[in-house]
Number of protein chains: 2
Amino acid sequence: MVRVPLTPEERERGQRLGEVLREARGPRSMASVAAAAGMSVETLRKIESGRVPTPAFFTVAALADELALPLAELAAACVPASADDHPRTA
Amino acid sequence: MVRVPLTPEERERGQRLGEVLREARGPRSMASVAAAAGMSVETLRKIESGRVPTPAFFTVAALADELALPLAELAAACVPASADDHPRTA
DNA sequence: AGTTATACCGGTATTACTATCACGCTCATG
DNA sequence: CATGAGCGTGATAGTAATACCGGTATAACT
């Protein structure tokens with residue numbers, strides 16, 4: 001296996017990412033946000049629904065910027081809080 | 001064309017991303033950073049060298065976390081300063 | 001009823017990312 | 001000289017992201 005398929009954990013993480021983004025979009029339409037962020041509506045829909053669990057960095061960055069969502073907060077929201085991979089500051 | 005190839009601008013942006021990451025890695029070896037961030041050394045090398053201009057969001061997030069680099073700063077460093085895509089506050 | 005706007009879904013096409021392998025280069029050390 | 005660590009490059013393989021298309025459903029408004 002050259003490229004390992006996405007694990008269920010990664011897919012769940014993608015779902016959380018999508019939920020946070022949808023939350024942040026609020027009442028705005030998918031079309032306007034997608035256009036403002038420079039991507040197709042299909043892509044935004046798949047990201048929000050979690051069907052694209054690991055979007056490109058700049059895709060997420062453009063969305064976060066457009067939605068005034070801090071990137072760090074967005075990344076942190078995707079980790080289930082107890083799954084800390086760097087507990088050296090704990 | 002269903003999926004548009006990456007533009008030269010996107011590739012340059014990827015090169016800047018790689019440069020910032022390499023800068024942040026400092027004297028640490030690629031192998032240790034890649035292992036700590038959960039990816040192969042080849043992947044890290046390609047990202048740093050800009051040969052992978054648009055890595056996955058969580059790949060970059062893991063690297064930034066490992067290198068103690070703020071995600072927002074990293075994203076901001078990839079925009080050539082004058083190319084502001086949201087001049088509505090200007 | 002017809003139109004418009006929004007959103008969801010499946011399929012399809014094309015490109016890009018991730019990983020492994022293999023080889024070459026440089027430098028330091030024995 | 002041999003060896004090893006670290007970095008670079010190319011080929012190969014397999015999965016995923018992005019975009020376009022057509023169809024469907026719901027709600028609001030004329």
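B:Ala68 follows helix 4 of chain B and has a positive phi, near 55°. Helices (H or I, at least four residues) and strands (E, at least two) are DSSP runs numbered from the N terminus. This is a predicted model, in which local features need pLDDT of at least 70, side-chain atom pairs count only at pLDDT 80 or more, and totals for chains, interfaces and linings use all residues. Residues are numbered from 1 along each chain as its sequence is written, while chains are lettered from A and ligands numbered from 1 in the order in which they are written.

Helix 4 of chain B is mostly covered, with 8 of its 10 residues buried. A residue is buried if 20 or more other C-beta atoms lie within 10 Å of its own, exposed if 12 or fewer, and partly exposed in between, with C-beta atoms placed from the backbone. The buried set is B:Phe57, B:Phe58, B:Val60, B:Ala61, B:Leu63, B:Ala64, B:Asp65 and B:Glu66. Their cover comes from both chains. It includes helix 1 (8-25), helix 4 (57-66) and helix 5 (71-77) of chain A. From chain B it includes helix 1 (8-25), helix 2 and helix 5.

Next, the chain interface. 14 residues of chain B are in contact with 14 residues of chain A; contact takes C-beta atoms, placed from the backbone, within 7 Å. Helix 4 (57-66) and helix 5 (71-77) of chain B each supply at least two residues of the chain B side. Helix 4 of chain B gives the largest share, 5 residues. By class, the chain B side divides into 10 nonpolar, 2 polar and 2 charged residues. Ala, Val, Leu, Ile, Met, Phe, Trp, Tyr, Cys and Pro count as nonpolar, Asp, Glu, Lys and Arg as charged, and the others, Gly among them, as polar.

Helix 3 of chain A gives the most to the surface near DNA strand D, with 4 residues. For DNA strand C, helix 2 (30-37) and helix 3 of chain A and helix 3 of chain B each supply at least two residues.

UniProt, in an unreviewed entry, lists residues 29-74 of chain A as "domain: HTH cro/C1-type". That stretch of chain A is 67% helix and 0% strand, with its end C-alpha atoms 20 Å apart.

How values were computed:
Contact = placed C-beta atoms within 7 Å. UniProt positions renumbered as here; feature names shortened; annotations may be inferred.
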